[in-house]
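Subject: Structure handover

Hello,

Here is the structure for you to look through. My notes on what was found follow below it.

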Amino acid sequence: MTDEDPKTGGGGFGWNHDKPVLSVRHQFMPLDDAGESAFRLSCVVCGGILLIRRDQTTGALLRRDYCVKCGQRYVYLDDMICGEPLGDLAAEPELILVPSQ
Ligand SMILES: [Zn+2]
């Protein structure tokens, strides 16, 4: 990628990726404004979107998530999100973000 992504507003992606992980409860977080999904949240740091991640093999919801805009990392403390159970945090791989330059 050479051109700047217009969606990031020129600031580049992931400027908060190395900030401490925020532990939150999905049920108390603001939903994304677009309202396209009961899962998607609005990043409390920058207003970007948390897409809610799934294990690519099992499809299970993952506790570790990050803002697609600022890269802020989150961990969900809930037992369930929208009726779907969350797994064991210790069993999840670390979330490694590679911000664009
Ligand atoms: Zn953000």
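An open sheet of three strands runs in the order E1-E5-E4, with mixed pairing. Its edge strands are E1 (22-24) and E4 (64-66), and each of them pairs on one side only. From one strand to the next, the twist averages 35 degrees.

Some ground rules. This is a predicted model, in which local features need pLDDT of at least 70, side-chain atom pairs count only at pLDDT 80 or more, and totals for chains, interfaces and linings use all residues. Residue numbers start from 1 along each chain as its sequence is written. Strands (E, at least two residues) and helices (H or I, at least four) are DSSP runs, numbered from the N terminus. Two strands pair if DSSP finds at least two bridges between them. Angles run from 0 to 180 degrees between N-to-C directions, on axes that are lines fitted to C-alpha atoms, for helices over the stretch in contact.

The pairings. E1 and E5 (residues 73-76) are parallel, over three bridges. Serine 23 has valine 75 in E5 as its bridge partner. Valine 24 stands opposite tyrosine 76 in E5. E4 and E5 are antiparallel, also over three bridges. Here aspartate 65 is bridged to tyrosine 74 in E5. The hairpin of E4 and E5 has six residues between the strands, and glycine 71 takes a positive phi near 85 degrees there.

The core. The largest nonpolar core has 11 residues: Leu41, Cys43, Leu50, Ile52, Leu61, Leu62, Tyr66, Cys67, Cys70, Tyr74 and Tyr76. Such a core is a set of buried Ala, Val, Leu, Ile, Met, Phe, Trp, Tyr and Cys residues joined through C-beta atoms within 7 Å. A residue is buried if 20 or more other C-beta atoms lie within 10 Å of its own, exposed if 12 or fewer, and partly exposed in between, with C-beta atoms placed from the backbone.

Two residues to look at. Alanine 60 lies in the loop between E3 (49-50) and E4. Alanine 60 counts as partly exposed because it has 15 C-beta neighbours inside 10 Å. Leucine 86 is 26 residues from alanine 60 in sequence, yet 7.3 Å away in space, C-alpha to C-alpha. Not counting residues up to four places away in sequence, alanine 60 touches Arg54, Asp55 and Gly87 (contact means C-beta atoms, placed from the backbone, within 7 Å). On that count, leucine 62 touches Arg53, Arg54, Asp55 and Glu92.

Best wishes

Conventions: Contact = placed C-beta atoms within 7 Å.
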